[in-house]
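Hi there,

Here is the structure I promised to pass on.

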Amino acid sequence: MARETGTDALSRLAGERVDHRFKGLPPDAAGLTVAELTDQRRNLFSGDFSTPLLALSAERLEHNLALMEAYTERHGLAFAPHGKTSMAPQLFARQVERGAWGITVAVPHQVWVAREFGIERVFLANELVDPAALRRLAAELSADPGFRFVCYVDSVRGVELMDAALAGTDRPVDVVVELAAGEGARTGVRTEAECAAVAAAVAATDTLRLVGVAGYEGEVPKADPERVAAYLRRLTGLAATLDAEGRFAGADEIVVSAGGSAWFDQVAEVFAEIPELSLPVLKLLRSGAYVSHDDGHYRRITPFNRVPGEGALEPAFRLWAQVVSRPEPGQAFANAGKRDAAYDLDLPEAQVVRRDGVERPATGVEVSALSDQHMWLRTTPEADVVVGDWIGFGLSHPCTSFDKWPLIPVAEADGTVVEYIRTFF
């Protein structure tokens with residue numbers, strides 16, 4: 001039987017039944033398909049949705065997708081946004097439609113999700129030495145000549161393990177040498193001499209093909225623009241050295257990849273300096289948090305703060321919770337907690353209060369702590385908050401916001417829900 005296409009798989013999501021798996025949806029939607037619920041175009045505030053409820057802004061989501069498409073095109077960068085941020089195939093498809101080369105992932109499970117929904121180019125920004133996963137990968141590559149896959153290698157031992165697991169496969173796995181961002185950084189080869197040894201180990205196999213170099217500048221110790229640029233120039237210099245040594249002879253192009261969500265301006269600047277090599281160079285950026293952006297960590301560190309002329313991302317998430325207790329003048333509690341809101345980098349930020357259809361700023365309301373299912377609110381005398389109010393919160397860190405919500409409504413500015421985003425964590 002022919003494999004289901006990515007379009008078919010995405011269409012199948014619309015046929016899922018609404019049930020107990022999905023938080024915040026209207027109780028009377030149970031049993032409807034997602035498509036049927038979407039067609040009702042319910043309003044987020046008057047359509048019987050319940051709190052806690054995470055929503056995405058339709059307009060801001062589209063703005064962010066368009067902005068990064070324009071940015072990467074303007075700077076001559078290929079783009080493989082990191083899918084671990086959202087793990088949402090509908091967003092993957094929209095990113096590819098907006099010019100993305102493919103999707104970056106971090107672990108094998110995420111590869112299989114991307115493949116299930118038709119992603120033809122996958123960059124695994126990690127080492128892969130698990131034999132079972134490698135065998136499945138080899139089968140995927142053998143079954144689909146159009147599937148392009150690239151992953152990291154950072155040790156001779158890792159190359160040996162990959163080679164043993166892939167013995168007898170009919171299509172080599174493309175790999176890039178990962179250069180560490182410095183001593184004490186995360187994974188990656190620490191020195192250029194060690195990189196040369198890893199490249200030689202790859203060349204000695206029939207199961208692997210060296211196609212480039214990669215790294216993650218977000219791990220540069222004491223990162224600032226100068227240190228990040230210096231690391232990126234080490235990375236591009238490594239590509240030039242390995243090319244001069246003939247290590248990419250079997251490749252069709254040379255992949256040079258970097259780029260989290262904090263320093264992609266430096267990536268664009270340094271990658272523009274890459275000299276002519278023996279093959280075309282795929283300058284591959286992997287930033288992923290842009291798709292929803294946020295109201296905390298990434299609002300503070302986005303490169304667009306340094307290059308405002310390039311545009312600005314907009315926070316697309318809002319978490320709605322209801323005030324369920326007002327036990328003291330300076331204290332209130334809302335019905336969302338660690339199970340609902342990102343809290344690993346910053347606490348949620350109270351932004352607006354809704355009562356009787358009227359929305360106003362959440363003056364004098366501050367999140368002081370989270371329990372599993374309660375949000376502790378500190379209130380000042382000017383705070384106008386009573387039991388039953390809905391409060392809209394901004395969140396910090398998209399990667400730990402998406403993962404708590406398997407189905408997320410996308411609402412227009414007037415609250416009309418036009419789509420539901422399915423996640424797979």
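This is a predicted model: local features need pLDDT of at least 70, side-chain atom pairs count only at pLDDT 80 or more; totals for chains, interfaces and linings use all residues.

Residues are numbered from 1 along each chain as its sequence is written, and side-chain values use heavy atoms, with hydrogens and water left out.

**Pockets and cavities**

Rolling a probe the size of a water molecule over the atoms shows where empty space is left. The search runs on a 1 Å grid over the protein atoms alone: a cavity is a set of points where a 1.4 Å probe fits but cannot get out, a pocket is an open set with protein on both sides within 12 Å along at least five of seven lines, and lining residues have an atom within 4 Å of a point. Grid points are joined across faces, edges and corners, and a volume is the space filled by probe spheres set on the points.

The largest pocket holds about 430 Å³ of space. It is lined by 26 residues, and those closest to its centre are His82, Lys84, Arg186, Tyr216 and Arg286. Strand S4 (residues 121-127) gives the most to this lining, with three residues; helices (H or I, at least four residues) and strands (E, at least two) are DSSP runs, numbered from the N terminus. By class, the lining of the largest pocket has ten nonpolar, ten polar and six charged residues. Here Ala, Val, Leu, Ile, Met, Phe, Trp, Tyr, Cys and Pro count as nonpolar, Asp, Glu, Lys and Arg as charged, and the others, Gly among them, as polar.

The second largest pocket has a volume of about 350 Å³. Of its 19 lining residues, Ser57, Arg318, Trp320, Glu412 and Ala413 are the closest to the centre. Strand S1 (53-57), helix H3 (58-74) and S10 are the elements that give two or more residues to this lining, which divides into ten nonpolar, three polar and six charged residues.

**Salt bridges**

Side chains of opposite charge can pair when their charged atoms come close. Counting a side-chain nitrogen of Lys or Arg within 4 Å of a carboxyl oxygen of Asp or Glu as a salt bridge, the structure holds 35.

Which parts of the chain does the pair of Lys23 and Asp340 link? Lys23 sits in the loop between helix H1 (6-14) and helix H2 (34-39), and Asp340 in the loop between strand S11 (331-334) and strand S12 (349-355), 317 residues apart. Their closest N and O atoms are 3.0 Å apart. Lys23 is partly exposed at 26% relative accessibility, whereas Asp340 is buried at 2%; buried means under 20% relative accessible area, exposed over 50%, and partly exposed in between (1.4 Å probe, protein chains only).

Asp265 and Arg306 also form a salt bridge, with the closest N and O atoms 2.7 Å apart. Asp265 lies in helix H10 (residues 264-271) and Arg306 in the loop between helix H11 (297-301) and strand S10 (317-328), so this pair ties together parts that are 41 residues apart in sequence. Asp265 is buried, with a relative accessible area of 9%, and Arg306 is partly exposed at 34%.

**Cysteines and backbone**

There are zero disulfides in the structure, a disulfide being a pair of cysteine sulfur atoms within 2.5 Å. For Cys195, the nearest cysteine sulfur is that of Cys151, 15 Å away. Cys195 is buried, with a relative accessible area of 0%.

In the backbone, a cis peptide bond joins Thr51 and Pro52, with omega about -5 degrees; Pro52 lies in the loop between H2 and S1. Met87, although not a glycine, has a positive phi of about 45 degrees and is buried at 0% relative accessibility. Asp356 also has a positive phi, near 55 degrees, but is exposed, with a relative accessible area of 76%.

Best wishes
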